Amino acid sequence: MSRTARLSAAALGDLPAGWARPAYDRSQPCGVVHLGTGAFHRAHQACFFDALLAAGHEGWMIRGASLRSPAVAQAMNPQDGLFTVLVRDGGDERAQVVGSVRDVLVAPDDPAALVQALADPAVALVTLTVTEKGYCLDPATGALRSDDPTVAADIANLAAPQTAPGFLVAGLAARRAAGLAPFTVLSCDNLPENGQRTRAAVIALAEAVDPALAAWIAAEVAFPSSMVDRIVPATTPDDLDNFESASGWRDEALVKTEPFTQWVVEDWFCNRRPALDTVGVQFTRDVAGWEKAKLRLLNGAHSAIAYLGGLAGYAYVHQAMAAPGFGALIEALWDEAQATLDPVEGFDPAAYRAQLRARFANGALMHRTHQIAMDGSQKLPQRWLQTILATRAAGRPVPPALTLALAGWMRWQAGVSDAGVPFVVDDPLARESAAALAAADGDRAAEVRGLLGIGAIFGSELPADAEFVAALARAYAAIADGSAGAAVRAFAEGRG
């Protein structure tokens, strides 16, 4: 156990002179509640609010909440909510202590405390980074999963919610009962039309509890969409130890990230609007184009690198990108995805792709392929499947790069790398995918058909596209009977 002093409010004056640190009054009211105070929130939204507070805009401190594990609260609360952001670019590193988070609640330990926080009159905005599965939505249809036991529990007893939609409904119900204005609900997760999807989930749950409450939410509450972009790798124990050795301070909530950051927010608020546009956030009436471009170009490429690179034995994104064939594969995937995008004012696809190449090559981030590969069943529809569907609907041929990437995801479900090294498939539908593979009894075509039969992921349209299914089966067999690395090299050679 480390005996080095922990980062805390009392330690701010003793930090190295070059470190940026909060100089504003951190006792001011919390205008924001954030659900899902993980590493991405700390390296993204919390940094924007830190800049807002530093610029003199008061009333925008954040009260964080964890909906599952107490780990983040245990890391941050003893540090008075403070944490360090390490911005890494090649050999350069810059440290900043961020002070915008007051504290972190642990919802399972005291759900009433989180509902009370949501009902605080000072709160004008609730933001979310709960990952795709945290919205309890069917990945294929976007509908609330009423068969989810946690959703059913929330409907039966809203006094002790378990889900993000449940807490939002409970908090809004408390405000309505008290005669308070509602808060704006701002999703910051990688979901297409994330505002509308969040709204649909909240209203569906509210309708099951109290139709009058659902009608009030539908009429009064704003659910803007947003697009967020910053690469935030998982912090490792070695990162914590190395930072402690270099700085002389122990920071259990440390995050590391890249210089690039972007936040595009739909300009739709039902309560006070934070002046985030003064610190780099782009307010717009149409987030959808930015959102689609980011999901299909950045996130789509990341997932391809994760599954095919991870199978080939590359632990980190920059390693895979430097490996034979991967650069050509990703360029082809971007060509396929870009062909499905509508023009967006201010968005330059060529410049964005050049930025992505540089960001993916940033070895200082040490972004793990296995981290990106988590929860793939929840990510595939918006990252790949909608692109493939749009391509086919336009009358174009089966997109080979996206098809190979999807074949990589399918092979990933077996939980073994090209070299025969086993790993855990970390996914809410891992049991269903394992059952589909087991039922095929080693028949590669049957494995593909079985996985395509998981309707919660694939729906009905793509599995009925015979030409696509045949191409996918060929790509899958090349990986399963050969290797992901060889399949990627062969792809690149075929394009050359």
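By class, the residues lining the largest cavity of this predicted model comprise three nonpolar, two polar and three charged residues. The volume of this cavity is about 60 Å³. Rolling a probe the size of a water molecule over the atoms shows where empty space is left, and a search of the whole structure turns up three cavities of 30 Å³ or more.

The second largest cavity has a volume of about 50 Å³. Here the lining consists of five nonpolar, four polar and one charged residues. Three histidines, His302, His318 and His367, belong to this lining, together with Arg359, Asn362, Ile231, Val317, Phe360, Leu365 and Met366. Two helices, α11 (317–322) and α13 (349–360), each contribute at least two of the lining residues.

Turning to the backbone, most residues other than glycine have a negative phi. Cys136 is not a glycine, yet has a positive phi of about 60 degrees. This cysteine sits in the loop between β6 (125–128) and α5 (149–156). Cys136 counts as buried because its relative accessible area is 7%, below the 20% cut-off.

Glu193, also a residue other than glycine, has a positive phi near 50 degrees. Its place is the loop that runs between β7 (184–187) and α7 (194–209). With a relative accessible area of 47%, Glu193 is partly exposed, whereas Cys136 is buried.

Definitions and conventions. Residues are numbered from 1 along each chain as its sequence is written. This is a predicted model: local features need pLDDT of at least 70, side-chain atom pairs count only at pLDDT 80 or more; totals for chains, interfaces and linings use all residues. Side-chain values use heavy atoms; hydrogens and water are left out. On a 1 Å grid over the protein atoms alone, a cavity is a set of points where a 1.4 Å probe fits but cannot get out, and a pocket is an open set with protein on both sides within 12 Å along at least five of seven lines; lining residues have an atom within 4 Å of a point. Grid points are joined across faces, edges and corners, and a volume is the space filled by probe spheres set on the points. Ala, Val, Leu, Ile, Met, Phe, Trp, Tyr, Cys and Pro count as nonpolar, Asp, Glu, Lys and Arg as charged, and the others, Gly among them, as polar. Helices (H or I, at least four residues) and strands (E, at least two) are DSSP runs, numbered from the N terminus. Buried means under 20% relative accessible area, exposed over 50%, partly exposed in between (1.4 Å probe, protein chains only).
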